[in-house]
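Please read these notes with the model open beside you.

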Amino acid sequence: MRLERIITTLLVGLFLLGGCSKEEPSKLIKVAISPAVPPMLFEKDGKYSGIDLEIFEGYCKSRGCTFKVTAYDWLGMLGAVTSGQADVAFSGISITDKRKEVMDFSNPYFTSTWQLIGLKNRNIKITDLSQLSKYTIAYPTGSVFDDYVKNVLQPKGYYSVEQVKLYPSPTEALLALQNGNVDLVFVDNVMLVNYQKTLNLPVSSSYQVVGFDNLGFAFKKNSELRDDFNLYLAELGPKKIKAIIDRWTQ
């Protein structure tokens, strides 16, 4: 009987440790965020909220695991996952070839367009990209918009990286716009919708970038956690993912 009790105890212990992913079954998942990207991830009333957090909470609930969140600025969040300080990062992160060199991404869960936004009362409308040189453009340091300026606008002589004003987060870029320190700010379309409908900010689109931006959850290289998270996205399916996104964007 004593031997049976020992075996039963060992089996129960193994079962409890086996929750979550294969990669670090007995450890907390270390999460890096940049909580200034509404509606994907933001802070309100001292709490973190948003599409990305709801998806990851659902993943952990389905796997019986727990996670600890640490907030960074945008570059700090990406640095945390590339250095291994965090297992996963999420805050509306665009999937790019350059980023895939140093981190692994989940399958895309959302596709967005980009907007150059300005203050409504200024009514700036870009009808030709050559007009951009008249304005000061801002976006967060390390954002995907940097590649767009370098690879699309700069080679054609429309705008150079040196002209851009960089800020640590989208929130600070938005404040610079509201304070009149810059003329235009690059944002994802979902952020513009959030600014207008949820925050009632006096901003509008000055130019929509043609093309699409795929968002994903970023994991440290060779992450088995990423593989299991992709399984969860497949379990959710497009309809359930869309329902989560719609709750935050409509």
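**Notes on the structure**

1. Cys60 is buried, with a relative accessible area of 3%. Here buried means under 20% relative accessible area, exposed means over 50%, and partly exposed is in between (1.4 Å probe, protein chains only). Cys65 also counts as buried, at 13% relative accessibility. The closest cysteine sulfur to that of Cys60 is in Cys65, 3.4 Å away, which is too far for a bond. A disulfide is a pair of cysteine sulfur atoms within 2.5 Å, and the structure holds 0 disulfides.

2. A word on the source. This is a predicted model, in which local features need pLDDT of at least 70 and side-chain atom pairs count only at pLDDT 80 or more, while totals for chains, interfaces and linings use all residues. Residues are numbered from 1 along each chain as its sequence is written, and side-chain values use heavy atoms, with hydrogens and water left out.

3. How many aromatic pairs are there? The rule takes rings of Phe, Tyr and Trp (its six-membered ring) and pairs them if their centres lie within 6.5 Å; planes under 30 degrees apart count as stacked, over 60 as edge-to-face and the rest as tilted. The count by this rule is 19 aromatic pairs. One of them is the tilted pair of Phe56 and Phe229, at 5.9 Å centre to centre and with 35° between the planes. This pair links distant parts of the chain: Phe56 belongs to helix α2 (residues 51-63) and Phe229 to helix α8 (residues 224-249), 173 residues apart. Helices (H or I, at least four residues) and strands (E, at least two) are DSSP runs, numbered from the N terminus. Phe56 is buried at 0% relative accessibility, and Phe229 is buried with a relative accessible area of 0%.

4. The rings of Tyr139 and Phe186 form a tilted pair, with centres 6.1 Å apart and planes at 55°. Tyr139 is in strand β9 (residues 137-140) and Phe186 in strand β11 (residues 184-188), so the pair ties together parts that are 47 residues apart in sequence. Tyr139 is buried, at 0% relative accessible area; Phe186 counts as buried at 2% relative accessibility.

5. One aromatic cluster is formed by Phe56, Tyr59, Phe67, Phe90, Tyr109, Phe217, Phe219, Phe229 and Tyr232.

6. The largest pocket holds about 320 Å³ of space. A pocket is an open set of points on a 1 Å grid over the protein atoms alone, where a 1.4 Å probe fits, with protein on both sides within 12 Å along at least five of seven lines; lining residues have an atom within 4 Å of a point. The volume is the space filled by probe spheres set on the points, which are joined across faces, edges and corners. Of its 15 lining residues, Pro38, Phe42, Glu43, Asn194 and Leu199 lie nearest the centre. Two or more residues each come from β3 (41-44), α6 (170-178) and α7 (189-198), and α6 gives the largest share, 4 residues. The lining divides into 9 nonpolar, 4 polar and 2 charged residues, where Ala, Val, Leu, Ile, Met, Phe, Trp, Tyr, Cys and Pro count as nonpolar, Asp, Glu, Lys and Arg as charged, and the others, Gly among them, as polar.

7. The second largest pocket has a volume of about 240 Å³. It is lined by 13 residues, with Leu78, Thr96, Lys98, Arg99 and Gly142 closest to its centre. The largest share of this lining, 3 residues, comes from α5. The lining residues of the second largest pocket are 5 nonpolar, 3 polar and 5 charged.
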